[in-house]
Amino acid sequence: MTQLTVPEFQHRTVLLDEAVDALDLSGDRAHGVYVDGTFGRGGHSRLILSRLAPDARLIGFDKDLQAIATAEQIADPRFQIVHDSFATMTASLAERGVQQVDGILLDLGISSPQVDDAARGFSFRNDGPLDMRMDTTRGISAAEWLAVETEQNLEKVIRDYGEERFAFQIAKAIVAGRAVQPISSTRQLAGIVAGAVKTREKGKDPATRTFQAIRIFINKELEDLEIGLNQAYACLAPGARMAVISFHSLEDRMVKRFFASKANVEQPDRRLPIRAVDLPQPEMKLISKMKPSDAEIEGNPRSRSAVMRVAQRLPIPVSGGAR
């Protein structure tokens, strides 16, 4: 692989101890196989490794080349990194001889180095090329997409993925702006959005929701999450836990509904002659929901929107036998 220099940007892992604690790495569980589905800058992975036994394994995933370069600096034979989305988990683990794992962690947030590096195009605070791809080796950039997308689809993406009530006005302004000159920088796009949004939420830049929406769309984040949750569940051994940290309501809603669909099983009419052992059984148990402490938020304001949900896969119920 081509040597990649990793820029020096500070990153603080959100809910570091709480997320690793949630995996319950005590006792025999310290000898298991675990997945960090979003390696980022490796905060969670390093702490997990510090608690695992010598015969354990940790497999990390990330789409970002800079994250991969950071991961490759970890000289621990128990650790492997996969340059791909956690949505490929089932196949990627199978390629490495793993069918079931003892715990999975997904931290869905964008890392501080990605935000702070103007060259990545994620932030409206620093001017840079409008790229926004997590994996710069695949797909089209945000600038390329904005240059060709219809006004109707622009509005839909900004409304649905950004929950932006001014989506119509912003989409119209983008189409008008690109007719004058290509929208190729973050500052250009932020200026167009600011001109279209007439009222602003206190303390929030008017471009926040639009940048979020475009980033989610370009990286297929919600599609990956839907696929990834199902694949992660399929890989969990009975008793294994999955912890997911989300940073906006769209992600958290998907995680909440997924866990609920496994934990809350619809029961048949009580009047039907069905034995208790034959009733539908839940497949997961909800363990906890947690947000960062006031102290963490004070030290790392970017953590304020984080929500972690934890669930545990239950043993497969045994059928009722002869009637």
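Q312 is placed in strand β7, which spans residues 307-313, where strands (E, at least two residues) and helices (H or I, at least four) are DSSP runs numbered from the N terminus. The model is a predicted one, in which local features need pLDDT of at least 70 and side-chain atom pairs count only at pLDDT 80 or more, while totals for chains, interfaces and linings use all residues. Residues are numbered from 1 along each chain as its sequence is written, and side-chain values use heavy atoms, with hydrogens and water left out.

Q312 is buried, with a relative accessible area of 16%, buried meaning under 20%, exposed over 50% and partly exposed in between, for a 1.4 Å probe and protein chains only. The side chain of Q312 reaches the backbone oxygen of G239 at 2.8 Å. When neighbours within four places in sequence are set aside, Q312 is in contact (heavy atoms within 4.5 Å) with G239, A240, R241, E283, M284, K285 and I287.

Across the chain as a whole, 13 helices and seven strands are found, and buried residues make up 50% of the 323 residues. Of the contacts with a separation of 6 or more, 68% are accounted for by residues 24 or more positions apart.

The UniProt record, an unreviewed entry, places the feature "binding site" at G42, G43, H44, D62, F86, D107 and Q114; positions from UniProt are given in the numbering used here, feature names are shortened, and annotations may be inferred rather than shown by experiment. Of these positions, G43 lies in helix α2, residues 43-51, and, with neighbours within four places in sequence left aside, G43 is in contact with T13 and L16. D62 lies in strand β2, residues 57-62, and is buried, with a relative accessible area of 13%. The side chain of D62 reaches the backbone nitrogen of F39 at 3.3 Å. Beyond neighbours within four places in sequence, the contacts of D62 include T38, F39, G40, A67 and I68, as well as I81, V82, H83 and D84.

The second largest pocket holds about 360 Å³ of space and is lined by 18 residues, of which K63, G139, I218, N219 and K220 lie nearest its centre. The elements that give two or more residues to this lining are α10 (208-218) and α11 (221-235). By class, the lining of the second largest pocket has six nonpolar, four polar and eight charged residues, with Ala, Val, Leu, Ile, Met, Phe, Trp, Tyr, Cys and Pro counted as nonpolar, Asp, Glu, Lys and Arg as charged, and the others, Gly among them, as polar. On a 1 Å grid over the protein atoms alone, a pocket is an open set of points where a 1.4 Å probe fits, with protein on both sides within 12 Å along at least five of seven lines, and lining residues have an atom within 4 Å of a point; grid points are joined across faces, edges and corners, and a volume is the space filled by probe spheres set on the points.

Notes
Polar contact = N/O pair within 3.5 Å; in protein donor to acceptor, adjacent residues only side chain to side chain.
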